[in-house]
There are 2 protein chains.
Amino acid sequence: MTTHAPIARRPLTRLLDPRSVAVIGASDNPARIGGRPLHYLLNGRFEGEVHAVNANRSTVQGVTAYPSILEVPGEVDAVIVAVPAHSVVQTITECAEKGVGAAVIFSSGFAEQDEQGAAWQAELTAISARTGIRLLGPNCLGAFNARTDWLATFSTSVEQYPVQPGPIAIASQSGAFGSHLYTVAAKRGVRCTYWVTTGNESDIEISECIAWYADAPDVGVIAVYAEGVRNGPGLRDALERAYAANKPVIFQKVGRSGAGAEAAASHTASLAGADAVYDALFRQYGVCRVDSIEELLDIALACQSGAMPRGNKLGIMTISGGAGVQMADTAEACGLDVAPMPADQQAYLKELIPFAGVRNPVDITAQALNDMSLIGKFMRSMMDEGGYDAVVAFFTVVAGSRMISEKLIETLRDIREKYAHAPMVLSIVAPDDVVRAYEEAGYTILEDPARAVRAAAAMAHFGTSFERGAGAAPPSLPPAAMGVPDRTVDEDEARRILASAGVPMAASRLATTPGEAAEAWSAIGGPVAMKIVSPDILHKTEIGAVRLDVNSAAEAAQAHSEIMAAARHHYPDARITGVILSEMVTGGVETVLGVISDPVFGPAVMFGLGGVFVEVLGDVTFRIAPFGIDEAHRMIREIRGIRMLEGVRGQPACDIDALARALVNLSVFAAANAGRFSSIDINPCIVLPEGQGVAGVDALIVPS
Amino acid sequence: MTTHAPIARRPLTRLLDPRSVAVIGASDNPARIGGRPLHYLLNGRFEGEVHAVNANRSTVQGVTAYPSILEVPGEVDAVIVAVPAHSVVQTITECAEKGVGAAVIFSSGFAEQDEQGAAWQAELTAISARTGIRLLGPNCLGAFNARTDWLATFSTSVEQYPVQPGPIAIASQSGAFGSHLYTVAAKRGVRCTYWVTTGNESDIEISECIAWYADAPDVGVIAVYAEGVRNGPGLRDALERAYAANKPVIFQKVGRSGAGAEAAASHTASLAGADAVYDALFRQYGVCRVDSIEELLDIALACQSGAMPRGNKLGIMTISGGAGVQMADTAEACGLDVAPMPADQQAYLKELIPFAGVRNPVDITAQALNDMSLIGKFMRSMMDEGGYDAVVAFFTVVAGSRMISEKLIETLRDIREKYAHAPMVLSIVAPDDVVRAYEEAGYTILEDPARAVRAAAAMAHFGTSFERGAGAAPPSLPPAAMGVPDRTVDEDEARRILASAGVPMAASRLATTPGEAAEAWSAIGGPVAMKIVSPDILHKTEIGAVRLDVNSAAEAAQAHSEIMAAARHHYPDARITGVILSEMVTGGVETVLGVISDPVFGPAVMFGLGGVFVEVLGDVTFRIAPFGIDEAHRMIREIRGIRMLEGVRGQPACDIDALARALVNLSVFAAANAGRFSSIDINPCIVLPEGQGVAGVDALIVPS
């Protein structure tokens with residue numbers, strides 16, 4: 001279940017798999033922007049109808065040129081638009097009239113340039129919304145479908161590296177970057193069926209491409225480059241679909257360093273920064289976030305082999321002890337389990353090669369490559385008896401010759417087939433043709449051993465993430481839950497609202513008179529803290545309007561009088577609701593729960609440890625609301641200071657289950673009240689020892 | 001000044017630059033281990049004399065074979081030994097007798113194999129020590145000198161990729177790894193004059209190679225692979241020499257994940273782990289530690305251009321906005337300063353290209369590559385007026401053709417020459433010959449933009465590290481400093497010893513009677529803590545042998561009686577020195593100072609923040625003793641929680657100068673007492689507000 005809005009479902013099929021197309025602004029010169037795609041379409045494998053539109057010529061590149069799209073005979077699924085910016089609105093209006101399914105708009109000079117351009121772009125958006133025509137761009141490098149050779153792009157990369165269908169689909173906001181990404185991918189043998197650049201996103205956004213890829217049967221892996229999205233729920237929906245389809249999403253979201261740069265009003269908000277919310281979303285849907293193109297392509301390459309393990313136990317085979325140690329280092333840093341081989345197998349392998357390392361890394365030494373049957377025996381032992389989920393092997397130049405590669409592939413064929421789910425990544429230095437032979441046999445080849453291990457780790461990330469499933473859905477909002485009102489909320493009310501939604505708060509009472517304070521003390525029944533409640537008094541402690549450890553009813557009545565007097569003295573005009581008495585919570589660990597209202601993604605729940613962890617280390621994590629109990633548990637375990645909650649240096653373990661429930665309930669409350677608040681802080685929220693629950697000690701709700 | 005022992009200076013010149021050589025165990029078959037180097041030497045450019053030794057033949061590969069090295073005429077600088085393990089001791093004995101300078105021992109079957117091999121290896125070490133003959137290996141892949149074509153290796157990598165002299169020198173303990181490293185380096189155009197694999201290190205250790213490279217005029221950059229060293233002071237000396245010579249050292253030390261695995265007696269030691277000490281050493285001498293071969297070679301390649309900046313201001317030029325953002329992210333993550341262009345230059349550039357990004361990243365857009373003069377103007381503005389220390393430019397395939405590369409190199413020639421210290425790293429996708437052309441013109445080419453930025457960051461690391469210099473030398477030990485005695489040290493004595501060495505401790509007194517306790521209270525003059533002093537009582541608090549906040553002389557006398565009674569009751573046989581009274585220090589921030597005694601590197605000083613920072617986060621840093629005040633300041637600023645000392649949330653800034661002095665004094669004391677203690681803890685050590693110093697509150701010295 002999700003409560004966020006799905007994106008409109010107007011499939012991109014006519015854009016990405018058209019049967020009849022036209023180039024508007026077609027040029028006779030195949031080097032020009034309006035000539036290049038026509039040249040590709042006329043001279044490639046594209047089997048659909050191809051038309052040209054050019055008001056000034058009767059033929060272009062040997063085909064009839066029509067003066068307008070309206071003159072083109074028959075149905076047109078998709079058009080390429082390469083006309084000056086000022087003509088684009090008219091062109092698209094005519095396309096819509098013609099019933100064209102989708103337009104790829106190369107033209108620049110829109111929102112990226114000036115006010116006039118922004119106005120034109122707004123008109124395009126309106127035409128699309130009104131008529132249903134789908135628009136890619138403007139200011140984009142286009143798209144392609146490698147299966148049909150529909151090359152709707154003026155990028156020359158597809159000339160240098162002809163497109164080849166494969167399981168990967170690429171979506172990039174940036175044209176130049178997308179073109180670079182395709183080039184480097186093609187060079188490395190990463191095969192992409194679909195490639196889309198979205199440019200200014202007047203209509204089609206990156207999220208919709210992801211959603212379409214998630215549904216497309218010929219897409220196995222989704223690679224995305226984005227600088228940011230405008231439609232947060234759309235992206236969430238798209239990633240949820242990809243996750244449900246068990247399709248790995250590799251996402252390069254740039255702009256990390258902008259995070260936290262914006263000043264923010266509330267405490268929680270100042271710790272967020274838009275980038276942290278992307279991280280939250282990616283964690284929720286098992287997305288692999290990468291920081292470089294190279295990492296993106298390493299993982300895409302590994303995905304291409306189709307092997308996705310269900311666990312994170314890594315077997316390391318090496319012909320160099322040193323490389324083995326390095327790979328074990330990298331594996332540990334990536335969170336993989338470099339579990340040792342079973343003792344009996346270690347003894348068996350030691351018999352085969354007396355000076356081998358047999359624990360894991362398994363060091364077969366360079367000599368083993370002289371006797372392939374040994375490698376077979378070692379690999380069989382590692383997979384059949386070691387039970388590894390993935391294997392990385394360092395063979396360097398030694399396995400880089402055609403002769404050795406043929407023997408090795410043959411020797412290991414049965415094991416490779418038997419463990420189809422296990423990624424087998426080989427660190428080998430070899431010429432391209434040998435690399436391709438290994439790849440065709442089901443191996444991933446990455447020259448650098450550290451990158452080989454990291455690719456295996458990414459596959460384990462996807463495999464285990466899909467294996468665990470989405471987990472429990474968020475519960476419904478309790479019927480008795482109060483909502484966020486359309487006005488200032490004082491602390492007493494904030495506590496009552498949150499408690500009503502299932503976020504436990506320490507016992508408290510509001511007292512407007514000394515007598516009520518005494519009664520409240522007795523009702524709570526123990527030491528209390530007392531504090532003025534007023535929207536106009538900010539520095540409560542400094543003026544004596546806060547008391548701790550109030551130990552009797554009489555003391556409470558006395559304190560009430562003094563606090564009210566101090567408040568009236570320092571803030572004669574303040575609106576005062578009364579004095580709140582709250583239970584002094586002892587023991588447990590201080591944490592901070594909060595919610596920010598992200599302009600793109602809506603409410604995002606924050607969790608962190610209190611004190612120095614938040615103040616000095618910024619050790620917090622986020623999730624987009626709402627989420628279920630399993631997600632809350634994963635969230636809690638992401639913080640660096642998790643040992644504080646598990647019980648450190650003789651302290652008891654905390655009630656992490658109750659904390660997870662509180663986070664879930666807070667997320668459900670936040671989602672139900674989306675748009676009505678700008679932030680929520682429960683700081684501190686004490687997590688008591690196991691079985692004793694949590695208690696929010698202070699609460700703040702800032703309405704929108 | 002350093003107090004550690006330098007390594008013996010028996011230069012490796014005859015090993016690495018011999019004029020006359022012999023192959024012992026020379027084979028007629030150039031594919032065999034004893035035949036391959038002979039083949040290389042006879043058929044390559046090596047101009048020295050080449051002899052063969054083989055008792056069973058009169059000629060080998062067409063040259064005279066002598067029955068023994070003793071029969072070879074004339075002086076022999078270096079020999080290659082390819083005989084079975086059991087003959088090696090005899091062979092080396094004869095070599096020493098002949099006066100051979102150095103032997104490269106390929107043979108395996110020594111300490112890596114069994115007891116017998118270890119015994120043979122010990123004999124080799126003894127022969128070298130006695131006679132002065134230098135030994136490389138056994139169980140190594142040899143060495144080469146690319147300038148003279150002295151190819152003393154049986155690795156086939158030098159056949160596939162002929163050696164080419166250049167500024168890089170490689171030292172690797174592992175043969176297979178070293179061979180892989182050379183292969184990948186050569187493939188990428190990283191030119192190495194020297195390459196040495198040290199194998200079992202019966203004599204020549206990796207440290208000595210580094211030291212020799214540091215002194216060699218034809219070495220500019222030192223690349224090292226090691227699993228660990230036995231001679232810590234030797235490595236320190238070598239790195240110090242390289243640092244003094246301003247030669248970048250790129251070091252891949254594997255085995256990180258083994259860190260902390262060993263159980264350790266003291267608190268400080270349990271936080272160390274040998275790997276942290278390597279990190280400490282590397283930081284002290286500006287070494288760039290890498291975790292992968294690829295990173296090592298990226299940096300070596302960047303070093304090869306010879307440009308080393310003196311600051312860390314990075315200018316980013318791009319033809320894709322998206323790539324610019326990504327590079328800025330990576331730059332910030334690497335600690336580079338992506339400072340904006342001056343406002344007037346931004347205006348000037350905006351005039352040149354209206355839709356350019358002009359702040360930094362400077363986005364010239366893809367069109368700019370059509371007009372080279374524009375790129376020249378932009379680059380001139382960035383260097384002359386922006387004042388960047390380094391530039392990274394993303395040109396992708398667009399600058400990958402020979403035509404564009406020639407124009408671009410020509411256009412930028414004057415700027416490239418004018419700013420010789422500024423690394424200019426280009427992210428370009430191009431064929432090898434175009435890459436070489438850019439490299440010859442002084443650019444570093446790395447296809448991936450993230451790697452391009454990281455390479456620039458490494459250069460800035462080296463440049464700024466050399467620029468700052470070694471900093472203040474450690475001071476002398478104060479004349480009045482006490483030493484660590486050869487017996488158990490109680491807390492009172494530990495405090496006095498450390499205070500005498502210049503590590504400030506809170507005021508304290510030992511009292512053996514209630515009367516002395518009263519006097520001690522008056523002398524300290526304020527609230528004190530009291531604690532039993534006994535080597536036999538471990539759980540002092542639990543038995544009531546600790547009191548806090550003792551507020552008067554009378555209370556102190558009473559507490560003394562009670563503590564002594566409690567101690568005698570629970571530990572009737574304990575040796576009791578008395579009761580220590582110490583000043584209750586209020587305010588300030590808790591830190592932990594400590595020293596471990598590393599078996600390889602000797603005393604290493606630890607610093608961290610107290611409480612959760614150490615307990616939960618392990619936020620500590622190390623330096624090898626002794627060190628000066630600048631190093632202490634750098635050390636303090638490495639911890640994640642540094643803001644605690646700088647004053648957070650309204651707290652005053654702490655006396656970081658006094659803390660740095662305490663660390664320096666502790667390091668000098670530790671170095672002077674090396675070998676006499678196993679660990680020292682000052683936990684907590686309170687750092688008071690600025691100008692008020694530090695005060696150690698508890699002290700523990702564990703003698704060896």
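Biologist: With which residue does A:Glu638 form a salt bridge?
Modeller: This is a predicted model, in which local features need pLDDT of at least 70 and side-chain atom pairs count only at pLDDT 80 or more, while totals for chains, interfaces and linings use all residues; side-chain values use heavy atoms, with hydrogens and water left out. Residues are numbered from 1 along each chain as its sequence is written, and chains are lettered from A and ligands numbered from 1 in the order in which they are written. A salt bridge requires a side-chain nitrogen of Lys or Arg within 4 Å of a carboxyl oxygen of Asp or Glu. The closest N and O atoms are 3.2 Å apart, and the partner of A:Glu638 is A:Arg283.

Biologist: How many residues apart are A:Glu638 and A:Arg283?
Modeller: Helices (H or I, at least four residues) and strands (E, at least two) are DSSP runs numbered from the N terminus. A:Glu638 lies in the loop between helix H21 (629-636) and helix H22 (643-646) of chain A, and A:Arg283 in helix H9 (residues 267-284) of chain A. The pair thus links distant parts of the chain, with a separation of 355 residues.

Biologist: Which residue forms a salt bridge with B:Arg134, and are the two buried or exposed?
Modeller: The closest N and O atoms are 2.9 Å apart, and the partner is B:Asp203. B:Arg134 is in strand E7 (residues 134-136) of chain B, whereas B:Asp203 is in the loop between strand E11 (192-197) and helix H7 (206-215) of chain B, 69 residues apart. Buried means under 20% relative accessible area, exposed over 50%, and partly exposed in between (1.4 Å probe, protein chains only). By this scale, B:Arg134 and B:Asp203 are both buried.

Biologist: How many of the 10 residues of H7(B) are buried?
Modeller: Among the buried residues of H7(B) are B:Ile206, B:Cys209, B:Trp212 and B:Tyr213. The helix is mostly covered, and its number of buried residues is nine.

Biologist: What is the relative accessible area of B:Glu493?
Modeller: B:Glu493 meets B:Arg487 in a salt bridge of 2.9 Å, N to O. B:Arg487 counts as partly exposed because its relative accessibility is 45%. B:Glu493, in contrast, is buried, because its relative accessible area is 12%.

Biologist: Which residues does B:Asn673 touch, not counting residues up to four places away in sequence?
Modeller: B:Asn673 lies in the loop between helix H24 (656-672) and strand E27 (677-687) of chain B. With a relative accessible area of 3%, B:Asn673 is buried. Counting heavy atoms within 4.5 Å as a contact, B:Asn673 touches B:Gly483 and B:Val484.

Biologist: By what turn can chain A be laid on chain B?
Modeller: Copies are superposed by least squares on the C-alpha atoms of residues with pLDDT of at least 70 in both. The RMSD is 0.1 Å and the shift along the axis 0.0 Å, for a turn of 180°. The two copies are therefore related as by a two-fold rotation axis.

Biologist: What percentage of the interface residues of chain A are also interface residues in chain B?
Modeller: The copies meet through the same surface.
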